[in-house]
Amino acid sequence: MAVIGFIGLGIMGAPMARHLIRAGHDVRGFDVNADAVAGLAADGGTGATSSADAVRDAEVVITMLPADQHVEAVILGPGGVLMHARPGTLLIDMSTVSPQTSRAVAAAGRERGLRVLDAPVSGGETGAVEGVLSIMVGGEKDDFEAARPVLEALGRTIVHVGEHGAGQVVKAANQLVVAGIIALNAEALVLMEAAGVDPEPGLTVLNGGLAGSTVLTRKMSAFLKRDYTPGFRIDLHHKDMGIVLRAAEAAGVGLPLAGQVSQLVAAARAAGMGSRDHSALLEVIERLNGRTKENAHA
Ligand code: NAD
C-alpha cells in the first residue's frame with residue numbers, strides 16, 4: 001500500500017481519492033476548496049495544507065485538476081509538485097489537458113527524477129463514484145505497470161496507449177465522440193417531439209438498437225426532464241473541444257464534424273450554460289428551433 005498525494009478533490013477527484021482510501025492507501029489530499037479537504041479527512045484520508053504538503057512523503061502523486069493552466073501551476077509552478085516530490089515518485093496526471101502539456105510535464109519531471117504518466121479518464125462522475133473508469137495511459141511501459149495496482153482501484157478498463165501525451169490524444173478522441181453523440185441524440189429528441197412523437201418510448205427503442213450508447217443510457221432521463229445538473233460541465237467540454245481541434249491541427253487532419261460539434265458547445269457556453277451538464281446541448285438545439293421545454297409537445 002502506498003502513500004498517495006492527491007491534488008484536486010472536485011467532482012471526479014473526491015470519489016477517486018475515497019476509492020484509494022478504501023483500497024488501503026494512505027491518501028493525503030489537497031484542494032484550494034477547504035471543504036473538499038475537510039471532507040476527505042472525515043472519510044479517512046489526511047487533509048494537506050498545500051500541494052507541497054500533500055506530496056512531500058508520497059510514493060505516488062495523482063493530480064485531477066480542471067485544465068492546462070491548473071496542471072502547469074500545481075506541477076511546474078513555484079511551490080509545486082516537482083519542487084517538493086521525492087525523486088522516483090510516480091506522478092500520474094489524470095486531468096484532461098493538451099498532449100503538449102503532458103509532454104512538457106513529463107520532460108520537466110524526468111529532469112527531477114520523477115516518473116510521469118498522463119492518465120485521463122472517461123466514465124463521468126458515475127464512473128468515478130463506482131470505480132469503473134476507463135483510463136487511457138501515456139508514458140513509459142514500466143511506469144504504467146508500476147501504476148497499474150493504484151489505477152485498478154479507480155477503473156475497470158486500464159490501457160497503455162503509447163508515449164507521453166498519447167493518453168490525452170485518446171481522451172480528445174473520446175470527448176469528440178461523447179459531444180457528437182449527445183448532439184445527435186438531442187437532434188433526434190427534437191425531431192421526435194416536433195413530429196408529435198413521444199420521445200420517451202422513442203429514445204428507449206433507439207437505445208436498444210444500433211443507435212444505442214452509454215451516453216444515451218446515462219443521459220436519457222436528464223434529457224427528458226431537462227435536468228442539466230452537472231455531471232460534466234459545458235465549460236470543461238468546451239476546453240476539451242479546443243484540445244480536439246488543436247490535436248487535429250497538430251496531426252495535420254481536418255475533422256469536419258469536430259468543427260460543428262465544437263461550435264455547438266461554444267454556443268452553449270456563450271448562452272450562459274457553462275456550469276450546466278453537457279446534456280444541455282439539447283437546449284441549444286431547441287433554441288435554434290425556437291422550441292422550449294414548455295412548447296416541446298406543441
Ligand atoms: P472540478 O472542477 O469538479 O474539480 C477540480 C478541482 O480542482 C476543484 O475541486 C478545484 O477546487 C481544484 N483545484 C483547482 N485549482 C487547484 C489548485 N491550484 N490546487 C488544488 N486544487 C485545485 O472538475 P472535475 O469535473 O472533477 O474534472 C477534473 C478533470 O477531469 C478535468 O480535467 C475534466 O475535464 C476531467 N474529467 C471530468 C469528468 C466529469 O464527468 N466531471 C469526466 C472525465 C474527465
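Which helix gives the largest share of the lining of the second largest pocket? That share, six residues, comes from H9, in a predicted model where local features need pLDDT of at least 70 and side-chain atom pairs count only at pLDDT 80 or more, while totals for chains, interfaces and linings use all residues. Residues are numbered from 1 along each chain as its sequence is written, and side-chain values use heavy atoms, leaving out hydrogens and water.

**Second largest pocket**
- This pocket, an open set of points on a 1 Å grid over the protein atoms alone, with protein on both sides within 12 Å along at least five of seven lines, has a volume of about 260 Å³, taken as the space filled by probe spheres set on the points.
- Its lining residues (an atom within 4 Å of a point) include Leu176, Glu187, Leu255 and Leu264, and the elements giving two or more of them are helix H9 (166–194) and helix H13 (256–270).
- The lining divides into nine nonpolar, two polar and one charged residue.

**Ligand**
- The ligand is surrounded by 25 residues, each with a heavy atom within 4 Å, and the closest are Ile11, Met12, Asp31, Pro66 and Lys239.
- A polar side-chain atom of Lys239 lies 2.9 Å from an oxygen atom of the ligand, and polar backbone atoms of Leu65 and Thr96 are each 3.0 Å from a ligand oxygen atom.

**Helix H1**
- H1 is followed by Gly24, whose phi is positive, near 100°.

Conventions: 1 Å grid on protein atoms, 1.4 Å probe; cavity = no way out; pocket = protein on both sides within 12 Å on 5 of 7 lines; lining within 4 Å. Helix = DSSP H or I, 4+ residues; strand = E, 2+ residues; numbered from the N terminus. Nonpolar A, V, L, I, M, F, W, Y, C, P; charged D, E, K, R; others polar. Polar contact = N/O pair within 3.5 Å; in protein donor to acceptor, adjacent residues only side chain to side chain.
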